[in-house]
Amino acid sequence: MSLVLVGTSHRLSPVEVRERIAFDMDAAAALAQRLADGGEAVCLSTCNRTELYFSHSDPDAVEELAADALLGDEVELYRMRDEDAALHLFRVAAGLDSLVPGEGEILGQVRGAYEAGANGPVLDRLFREALRVGKKVRTETAIAESPASVSSAAAALAQQVFGELTGCRVLLVGAGEVSELAARALTARGATISAVTSRTEESAARLADAFDARTVAFDDRAGELERADVVVSSTSSPEPVLSRDQVRGNGRKGRPLFVIDLAVPRDVDPAVAELDDCYLYDIDDLQGVVRESLSGRRREAERAEAIVEQEAKRFRDWQASLHVVPAIASLRERAETIRSGELAKAEGRLEGLSESERRTVESLTTQIVNKLLHVPIVRMKEAAATEGAGYVEVARHLFGLGEDESAPENRKPGK
Amino acid sequence: MAELLFWPAFLAYGEAAVAYAGDARRPGSMGRLATWGVRVGWLVQTALLIAQAARADGFPWGTWAGSLNLFVWLVVGAYLIWGCKPRFRLLGLVVMPLAALLLAISYAAGGMDVSGTNRYSSLFLGLHVGLVLAGFAGLTLAAALAVLYLWQERELKRRSSRVLRFRAPSLVTLEGLFARTVAFSLPVLTLGMAVGFARLRERSQLDPLIVLTVLTWAVYGGFLLLRYGADWRGRRAAYATLAGFALVVAMQLTLQAGHFG
């Protein structure tokens, strides 16, 4: 059985090409079932990639089948086998092949593809390992810790002030798309949008509805500061909408206030940053954080690559060990046949033995066989990982495995 | 035996301090080495203290150098409660170099020696020194948490992206922790002081250390009143904790002048 991967991704194909071979979950599952053809198949289709994984006894045939399914004549595809294919999937699951290194969404997509696929022992193991490697990389490196967008940077910084955002109240000043994105990032981490204020009351009402929040008249915004922990401001006002005096005079009694100013021109008087317990970030500050964070992710990616390569090597060893399993089974079977046959032949001479003595003879002969086979079997497993299937063939030849024992050349001289 | 155990404990604390510095340079790279250094060092120092106790004829840490040895063990023990969590690794950068340095000073000043005699009973010394040092250890940890708070607060004020790289606990968490640590340590210190004062009645004399102890108690007591009574939070609270710690350091130095002499 060989592992085969055929696919394309954002690295090879632009979106107008990728969208032609993108499959939703049901279609991907149906395609995998159709292409499996007695083997195993999984289709991983996301907005950045479409990939088909196979475990099959005829790798060339399934590779062509997959290329046809992915419009190989028109789409540039990559084709990989065995360890390379495993390494690729592990890198994908770890987020190392993503646009933003370490992004977390891919892990769920790999899980979805695995669950919908036509799995057998090889792809089942491959995908379970890929999911484990994906988690391991995110646990053992900081690749997924830093934010990759302005809104997630704002939410991560708010967490550095308040810890868990559960119970944190957010005031949205301005009800545009930018405010909404920031609000989503904050609520995803547990914050509550408590109030929305905007010069356009309809926009405020729409956004407030979306987050189950109150609307506040724009002129009353300063009064709302007393109840808020986080303020997100993104209006199109040419003048600041929150002054230092408005923020200072809100009776917060030392509670921190985190202010996110996403507007250009800025909505919040920069002097607010000078107030005790007030932390003000504007769009440039947040973009700076994202830049630093992405370079940090790339640095962490180097460590992640080492983990992934090590795991791919382990998978290769496991895959190689599959080649020896039938040979080991044949060897054991052959040995057992000989052992029981010889005992049967000696039956006449063993007639006088008691039941207990008979069991002792059974046990003794079994132990001799097991001990004789132990070292060859261990060596065969070790060699399978390092020297491939050739070693198994040598073992088959030496022990005459798979040959007819009754054939004249396999009989002992004089028998 | 104690001298033999000093070196592995010192090396493990030193290794932890260096690893924490490496981890601060490149977060995530040496954190595990650092936390294992702390754990191993603390276990070895525990064995060292047990060896001292087994060999001594009475309370073995009644001298200044001996009490420093016990103090380091208490500080690292208190740090271990949270310190091995990744988010508190920056705290290790504050605590572990201090622990290694103080242990070395204790060694150089004869803190591993248990042959000295003291005119006070072991029970009194055990209670008084043990409780006061446990209180000091807690206050030291509170000061380290306050330092971490002030660092993180400054980084947030400066809008530095380092704040996300190092990922210390949040300001609210740190502020709550150092206030709670003071709230826990002060009663322990008070008990230790009460035992000392009971003995003082027999001795009927005041020394500068006693004055400093009372002053320290007043500063921390005032801090707790303001923190829990008047919602004193943030930077002011961190500075108050550090002011109290400056008095703890002054007390340690005064102790060297011969409180038990």
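In helix 9 of chain A (residues 201–210), the residues A:Ala204, A:Leu207 and A:Ala208 are buried, a residue being buried with 20 or more other C-beta atoms within 10 Å of its own, exposed with 12 or fewer, and partly exposed in between, with C-beta atoms placed from the backbone. Seen down the axis of helix 9 of chain A, the buried residues fall within an arc of 105°, so they line one face of the helix. The model is predicted: local features need pLDDT of at least 70 and side-chain atom pairs count only at pLDDT 80 or more, whereas totals for chains, interfaces and linings use all residues. Residues are numbered from 1 along each chain as its sequence is written, and chains are lettered from A and ligands numbered from 1 in the order in which they are written.

**Surroundings of helix 9, chain A**

- The buried residues of helix 9 of chain A pack against strand 5 (169–173), helix 8 (177–188), strand 6 (192–197) and strand 7 (214–216) of chain A; helices (H or I, at least four residues) and strands (E, at least two) are DSSP runs numbered from the N terminus.
- On the face turned away from the buried side, helix 9 of chain A carries the exposed residues A:Glu202 and A:Asp209.
- A:Asp212, with a positive phi near 55°, follows helix 9 of chain A.

**Helices 6 and 12 of chain A**

- The axes of helix 6 (residues 121–140) and helix 12 (residues 283–345) of chain A come within 10 Å and cross at roughly 155°.
- Helix 6 of chain A and helix 12 of chain A are therefore roughly antiparallel to each other (angle over 145 degrees).
- Helix 6 of chain A contributes A:Arg125, A:Leu126, A:Glu129, A:Val133, A:Lys136, A:Val137 and A:Glu140 to the contact, and helix 12 of chain A contributes A:Ala304, A:Ile307, A:Val308, A:Glu311, A:Phe315 and A:Trp318 (contact: C-beta atoms, placed from the backbone, within 7 Å).

**The loop residue A:Glu74**

- A:Glu74 lies in the loop between helix 3 (59–69) and strand 4 (78–81) of chain A.
- A:Glu74 has 10 C-beta neighbours inside 10 Å and counts as exposed.
- The C-alpha atoms of A:Glu74 and A:Val17 are separated by 8.8 Å, the two residues being 57 residues apart along the chain.

**Chain B against chain A**

- In the contact between the chains, 21 residues of chain B meet 24 residues of chain A.
- Helix 5 (122–158), helix 6 (162–166), helix 7 (171–203) and helix 9 (234–256) of chain B each supply at least two residues of the side of chain B that touches chain A.

Definitions and conventions
Contact = placed C-beta atoms within 7 Å. Arc of directions from axis to C-beta. Axes fitted to C-alpha atoms, helices over the stretch in contact; angles between N-to-C directions. Parallel < 35°, antiparallel > 145°, perpendicular 65-115°, else oblique.
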